[in-house]
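Thank you for coming, everyone. Please look at the structure on the screen while I talk, and follow each residue as I name it.

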Amino acid sequence: MGKNLVIVESPAKANTINKIIGNDYIVKSSVGHIRDLPVKTLGVDLEDSFKPKYVIVKGKKKIITELKKAAEKADCVYLAPDPDREGEAIAWHLQEILKSGGYTNEIKRVQFNEITPKAIKSAFEHPGVVDIDRVNAQQARRILDRIVGYKVSPMLWRRIRRGLSAGRVQSVALRLVCERETEIDNFVSEEYWIFGALAKKLVEPTDPFNLKLVRIGDDKAEIKSAEQLASIKSDLEGSKLKVADVVLKTIHKKPSPPYITSTLQQAGSSYCSYSPQRTMSLAQRLYEGIDIGGEHVGLITYMRTDSFAISQDALDSTRDYIKTNYGDKYCPEKPNYYKSRKSAQEAHEAIRPTDVTRTPESLKSKLPPAELKLYRLIWRRFVSSQMVPAEIEQRTVKVDAIPASTAAVKYLLQATASDVKFPGYMKAAGSEAEQKKDDEEVPLPQLAVAEDLECAEWLEERKETKPPARYSEAALVRVLEGNGVGRPSTFAQILSTLQNRKYVDRQNRSLFPTDLGKEVSDMLVKNLGELFDVSFTASMEEALDAVEDGSLEWTKMLADFYAKFEVWMEKAKLPPADINTVKTVLNALSGVTEWLPEAKKGKRVYSDSKFVDSISKQVEDGEKPVSQRQLSTLVKISCHYREQVPEMDQIMTDAGFAEMMNSPELQPPRDETMKKLELLKTVEIDERGRDFVNSLTSQAESGRCLSAAQIHALNNVVMSHAEQIPDFEKIKPELAIADTDVVNDDESADLLKAMEGVKEWNPPVKRGKREFNDENFYNSLCDHFGRKGFLSERQRAALKRMMGRYSDQIVGFAELAKKFEIKLKKSPAKKK
């Protein structure tokens, strides 16, 4: 009899489960998805019910072979990926792969919300089958995202630049960030004043306290001008203060619900300064667990959830814990239940500790600080969510300012103070439950109605209205969730994609759209505003939920979407180029007798003559109109042939391209640039430097001007080889090289030369996802110096720090250190 095979998606999860379920099972990992849509093609048959064309994920063939071999010896296969759409899709793909390989025995689906012995054993005692509705929901989402990405991104390439991407949800999030930035840019601040009094009792205690003006007559106190402020001060000059009322109110402040994915990401950002992606990474580790007392257990339940549901066992154990550790009065008569939103998957639980008695303090020596910090948040929120409300006594004092003149307007001042009478859930919630100090909250002495007070000083403060705050990552997640855009598993990825694409920058925890992000968003909203609309995107999420619950067929949902999408894409197309204008430009280019040689960029070869011939043939055939982009390329090409066609500038100006023809990047290379390149042909330069100069020469000889950065680097190469150029000081003015144009670097050559003596390099060091390799870094500096003739100040500083680590291998290091101010650093111990 063979063993049973269990397949999960994570190696860490495989190790954990393997220790729990015993020797009757073999546990293997698929290491994520094994099949997906192809990378370089759409991979969806739009004519055949959106049938996906799945391919094996790169690098997974060996894993699949191993899984098939293991399945051949198994009596039963248990598929145990995560209990969400992605996990269900992984399970389905595994099932399809195994069946296609000839596996005919039983395949069962097991799901669990926590990795604990009890939950795992229960899941294996009650296995199910793959939920095809959930699989279809994942397929539909994947195909939706693929269609939008593959069809819309090329529009960005044509109109902005290649390499940009649009995303069905990503671009909506970008739109929100950009619209908020527009609100901030358009905001006009207005001044206003806050007015009040520093008052004190006439008898002990006489400590002063603040009062704020809240009403002027029957109206709310709003002071919007200096003149109005002066009038109020005039009225109150010499007035008396008398307590008009003291209002006592008991507030029952209820605990917050346990965390779900979105609120955990928000709390991670607010309380720990973690990005959503880092929060989810840490939560994943807590879910997969650690070894405690010889047993491997998960510390929290599954972290991708939008449900507030809690298992009965967890509720019972938490209530027992509260009674034992805080007292009966902290535990409500009945458990606290929280309502999930309509689309939540109630089969999931909220994020909670798997064992409430496993306190953060008990894990101090077992968890790294970052994981412990997040676990403490989760533990406190969950325990406090099952406790009674806090009782807060709020005391509001109303004070009349009685003017000396009976004809004057009445003024009412007010102060509020709060005292926690019974902490309730705050006892467990800790710092997270600390109330934010409100401007209204001040320390107050005991006061009685009709009691006279002394005004020690009238207080005034000028303020200005502020624009809405930029989104933090936590705030953007909250807005996305509130609008029904995205799902728990997608929020972190959305934010990281926006930053990785350089559409958004994160500064001091606020999100700023970059210029590129604004340009992309403006283009998408202008041309496809209905597609990237918040409400429409939310409606698609609802449709996906309907697919998952079986009430909507996934291909119908995609067909309905695609019908709208095609209309929107057709409207977004640019009109074709004017055919008469195209013919005018082609006619001007017909005067070219000698075309520039083909230019190679990467793997692509560009030929002016071939491109012009292809457009001429396209016009002649008349089957496909010439696009605006093709016409723009023709005009750019024409700039290279001004000498052969003297009237070229006038022809292009008359055709409406004066601005393009005069743009700096389309001007021919300057005379001084050609002189510098000519001078360098006779100069001895190392191989790297020669390759760099040759590439600039090729660009200039093809009629394309150099960029400011290229000219800057070229000037440095010329200056660093000036001693080889005869009469250099005499011809220097003709080369237009100013002293400020050149980096003053008289150190790098000696420093790099000294490092040639290093024969034994330290092993690479990993910090997070980055690897630091001294040898590679040194080689890159040599390459940079060879091409440009200098290193930046920052590069030189890094080089000096590195040299300090290799002092024992550098000949004459002491003299170099003194000359170039190099600090000695102890070399780290080498790994065996």
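Predicted model: local features only at pLDDT ≥ 70, side-chain atom pairs only at ≥ 80, totals over all residues.

Let us start with Val152, which, leaving aside its neighbours within four places in sequence, is in contact with Ile147, Ala166, Leu524, Leu528, Leu531, Phe532, Phe565 and Met569, where contact means heavy atoms within 4.5 Å. Residues are numbered from 1 along each chain as its sequence is written, and side-chain values use heavy atoms, with hydrogens and water left out.

Val152 belongs to the largest nonpolar core, which has 79 residues, and together with Leu531 it touches the most other members. By a nonpolar core I mean a set of buried Ala, Val, Leu, Ile, Met, Phe, Trp, Tyr and Cys residues joined through side-chain atoms within 4.5 Å, and buried means under 20% relative accessible area, with exposed over 50% and partly exposed in between, using a 1.4 Å probe and protein chains only. Helix H5, residues 132-159, gives the largest share of this core, ten residues; helices here are DSSP runs of H or I with at least four residues, and strands are runs of E with at least two, numbered from the N terminus. There is also a second, separate core of 58 residues, and among its members are Ile21, Ala390, Ile392 and Ala492.

Staying with helix H5, we find Val135 there, and this residue is buried, with a relative accessible area of 0%. Not counting residues up to four places away in sequence, Val135 touches Glu88, Ala89, Trp92 and Val130. The C-alpha atoms of Val135 and Ala89 are separated by 5.0 Å, although the two residues are 46 apart along the chain.

Now to the aromatic rings. A pair of aromatic rings is described by the distance of the centres and the angle of the planes. Rings of Phe, Tyr and Trp (for Trp, its six-membered ring) pair if their centres lie within 6.5 Å, and planes under 30 degrees apart count as stacked, over 60 as edge-to-face and the rest as tilted. How many aromatic pairs does this rule give? The count comes to 18 aromatic pairs. One of them joins Phe50 and Tyr562 edge-to-face, at 5.9 Å centre to centre and with 75° between the planes. This pair links distant parts of the chain, since Phe50 is in the loop between E4 and E5, Tyr562 is in helix H17 (residues 554-572), and they are 512 residues apart. Both Phe50 and Tyr562 are buried. Another pair, Phe195 with Trp458, is stacked, at 5.7 Å centre to centre and with 15° between the planes. Phe195 lies in strand E9 and Trp458 in strand E17 (residues 452-464), so this pair ties together parts that are 263 residues apart in sequence. Phe195 is buried, with a relative accessible area of 3%, whereas Trp458, at 24% relative accessibility, counts as partly exposed. Ring pairs also link Phe50, Phe536, Phe561, Tyr562, Phe565 and Trp568 into a cluster.

A ring can also have a charge over its face, which is counted if NZ of Lys or CZ of Arg is within 6 Å of the ring centre and within 35 degrees of the ring normal. Here Arg180 lies over the face of Tyr471, at 4.3 Å from the ring centre. Arg180 lies in helix H6, residues 170-186, and is buried, with a relative accessible area of 18%.

Next, please find helix H18, residues 579-589, in which Thr581, Val582, Val585, Leu586, Ala588 and Leu589 are buried. Seen down the axis of H18, these buried residues fall within an arc of 160°, so they line one face of the helix; the arc is that of the directions from the helix axis to the C-beta atoms. The face turned away from the buried side of H18 carries the exposed residues Asn580 and Asn587. What covers the buried residues of H18 includes helix H19 (608-621), helix H20 (628-638) and helix H21 (648-654).

I will close with some details of the backbone. The peptide bond from Glu204 to Pro205 is cis, with omega near 0°, and Pro205 lies in the loop between strand E9 (191-201) and strand E10 (209-216). Asp727 has a positive phi of about 50° although it is not a glycine, and at 52% relative accessibility Asp727 counts as exposed.
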